Amino acid sequence: MLDINFIRSNKELVEKAMLNKGEKDTSIVEEVLLKDEDWRSLVHQADEMRSESNSKAKEIGMLMGQGKKEEAQKIIAETSSMKQQIKEMEEKVKALQEAREELLLRIPNVPHESVPVGATENDNEVFSTWGEPNKDEWRKPHWEITERYGWVDFERGVKVTGAGFPFYVGPVAQLQRALINYFINEAWNAGYTELQAPYFVNENSARGTGQIPDKEDMMYVIPRDEFFAIPTAEVPVTNFHRDEIVADQDLPIKYVCYTPCWRREAGSYGKDVRGLNRLHQFDKVELVKIVKPETSYDELESLREHAEKLLKALELPYRTLLMCTGDMGFTQSKKYDLEVWSPGQQRWLEVSSCSNFESFQARRMQLRYRKEEKNTEMVHTLNGSALALPRIVSAILEAYQEENAKVRVPEVLKPFIGRDYL
């Protein structure tokens, strides 16, 4: 959520940012400013009347002390009427404030000045590349490999739950567990504290990180208990410090967390959703940072570098994209996507997003740090996938397959798996 003071001083910038993010109607900016003006005017009126009422209360005491009870009674009646008016004003102030807050929740974050302006994924910029994409024609897509060996069972997943909820069997289940352990260990070595988080969150948590109002249709809902199944560990982990004031000396705070994730992906048919390309349930290791505002963009670069380091260690060619305004998302101020090369499909697949939200999430969560002895300021929050597993698994199966149909184990995962071949 943007600061209302920022919107008041930068109306045109906010409207332009909305248009650059693909929002066609910017009238909400004018609407929230009008609500804010009404709110401030009413607060001023209530304060003035409260001050006048307090002055009259003192006058009553003086008149009573002078024995002028009749005059005092007139003022008592007057102040009684004023108290009722003040109460009514306070109710209107509260209603206006709530209406203003609801509008603020619907205004997207402002992109950082370094973010390219664009409307679609075609406008994203290639920030960097690593490795040489393999173009061997004999390489099979991962779904043919897993079907041959029975390593991923989609049919039984459909029977037990539905489409997009596969079973991982034998070596691929072990590969997933090895990747999770490897990713967490690497984060631990980089100074991240490991968390085990709840898999379900309440509405306040979903609102705090910006999933609502924006991505309600993407999330699975448990209506009886008013819970949401998490679409990413970002939601519970970032909310870990919601409504708190953290100490200056405790920043930066860095967490790593493994969770399954649930998303109601509304994908099309075809290669984009085949095999492990797009699932309703998948596993991911997430990194979350809570930092001082002046360091957040340096922290974003180190977050990106950490995710890239994992891909290099797995020897998977990848490219890093700097996302344009229209392909970046509602909550981010700047975002990188990491895409791994899929040699069996001959295309790039996203495996990580690294984002800086500045104070957008923190303001929703009222997450601050004590800057000085008496002053507090909103922190900046960041997160990144390090890494999302399904497409990493598929990329490994395709990149490490041999012409004899065996699949080698990446060198960095051998200590976790204990053999050379899956």
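Which residues of helix H2 (residues 11-20) are buried? I will come back to that after two remarks on the model.

This is a predicted model, in which local features need pLDDT of at least 70 and side-chain atom pairs count only at pLDDT 80 or more, while totals for chains, interfaces and linings use all residues. Residues are numbered from 1 along each chain as its sequence is written, and side-chain values use heavy atoms, with hydrogens and water left out.

Now H2. The buried residues are Val-14, Glu-15, Ala-17 and Met-18. They cover an arc of only 160 degrees around the axis, so they sit on the same side of H2; the arc is that of the directions from the helix axis to the C-beta atoms. Glu-12 and Lys-16, on the other side of H2, are exposed. Buried means under 20% relative accessible area and exposed over 50%, with partly exposed in between, using a 1.4 Å probe and protein chains only. Helices here are DSSP runs of H or I with at least four residues, strands are runs of E with at least two, and both are numbered from the N terminus. Just after H2, Gly-22 has a positive phi of about 95 degrees.

Next, the eight-stranded sheet. It is open, its order is S1-S11-S12-S13-S16-S10-S9-S4, and the pairing is mixed. Two strands pair if DSSP finds at least two bridges between them. S1 and strand S4 (193-195) are the edge strands, each pairing on one side only. Direction ignored, neighbouring strands of this sheet are turned by 25 degrees against each other on average.

Four of the five residues of S11 are buried.

Helix H7 (residues 171-189) lies across S4, S9, strand S10 (281-291) and strand S16 (380-388), at about 5 degrees to S10. H12 packs on the sheet and touches S10, S12, strand S13 (347-356) and S16, its direction making about 35 degrees with that of S16.

How do H12 and H5 meet, and at what angle do their axes cross? The axes of helix H5 (residues 142-149) and helix H12 (residues 389-399) come within 9 Å and cross at roughly 80 degrees. Axes are lines fitted to C-alpha atoms, for helices over the stretch in contact, and angles run from 0 to 180 degrees between N-to-C directions. H5 and H12 are therefore roughly perpendicular, a label for angles of 65 to 115 degrees. His-142, Ile-145 and Thr-146 of H5 make the contact with Ser-394, Leu-397 and Glu-398 of H12.

Thr-331 is in the loop between strand S11 (318-322) and strand S12 (334-342). Thr-331 counts as buried because its relative accessibility is 3%. Leaving aside neighbours within four places in sequence, Thr-331 is in contact with Lys-21, Asn-109, Thr-209, Gly-210, Phe-357 and Phe-360, where contact means heavy atoms within 4.5 Å.

Key. Angles under 35 degrees count as roughly parallel, over 145 as roughly antiparallel, 65 to 115 as roughly perpendicular and the rest as oblique.
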